[in-house]
Amino acid sequence: MSVLSFAGPRFTTRHMTLAALLVALQLILGKLSVGDPTVLKFSFGFIATALIGYYLGPWIGGAAMVVNDIISNTILNTGNMFFPGFTFSAFVSGVIAGMFLYNQKVTWQRIFIYEFVQILVTNVFFTTLWVYLMSMTSSSTGRAFTALLAIRVPKEIISWPLEAVIVLIILRQLSRINLNLDR
């Protein structure tokens, strides 16, 4: 058991089917949210992201997250603009989930570190960068990026332990079931 795993399962029909099911779950959970989008919106898509990484590893997980992003921002679009940066972020999110969770023992330390890295890289850095780039004008300055960070960071600090505890509970229960998908 290593700290991070860059290995993943072979891409079989079984894994492709599981990836399709988990992408469907991601699409559904991503649409479910609690809270006001202008203040604090909490979505449940992070659960499926963790499951994708746990079962599919970094590379198939990254590809599954790209498929999810393309479907959710084209076919199931609810008015948001498609931006390729978010697709890249989705890939990175799947890779991070797979690196931390695939073939790893589920411990609270691993889950809390995974969620911290996931939130820091994809939500705080990349999402803030993409929103800044999409709203950039000729008069934009670095202050706009800092202002976006100041708005986004408190929400992410609040959501980090909540997401980690929920993922920990779900993955601990699934690890007890011990589904063997590599038959």
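Me: Before we start, what counts as a helix or a strand here?
Reply: Helices (H or I, at least four residues) and strands (E, at least two) are DSSP runs, and they're numbered from the N terminus. This is a predicted model, where local features need pLDDT of at least 70, side-chain atom pairs count only at pLDDT 80 or more, and totals for chains, interfaces and linings use all residues. Residues are numbered from 1 along each chain as its sequence is written, and side-chain values use heavy atoms, with hydrogens and water left out.

Me: OK, where is N103?
Reply: You'll find N103 in the loop between α3 (84-101) and α4 (108-134). Its phi is near 55°, which is positive even though the residue isn't glycine.

Me: Is N103 buried or exposed?
Reply: N103 is exposed, at 55% relative accessibility. The cut-offs are under 20% relative accessible area for buried, over 50% for exposed, and partly exposed in between (1.4 Å probe, protein chains only).

Me: New topic: how many salt bridges are there?
Reply: The count is two, taking a salt bridge as a side-chain nitrogen of Lys or Arg within 4 Å of a carboxyl oxygen of Asp or Glu.

Me: Which residue does R152 pair with?
Reply: R152 pairs with E156, and their closest N and O atoms are 3.7 Å apart. Both sit in helix α5 (residues 142-177), four residues apart, or about one turn of the helix.

Me: And what about K155?
Reply: K155 also bridges to E156, at 3.5 Å from N to O. Shared partners link R152, K155 and E156 into one network.

Me: How buried is E156?
Reply: E156 has a relative accessible area of 4%, so it counts as buried. K155 is partly exposed, at 24%.
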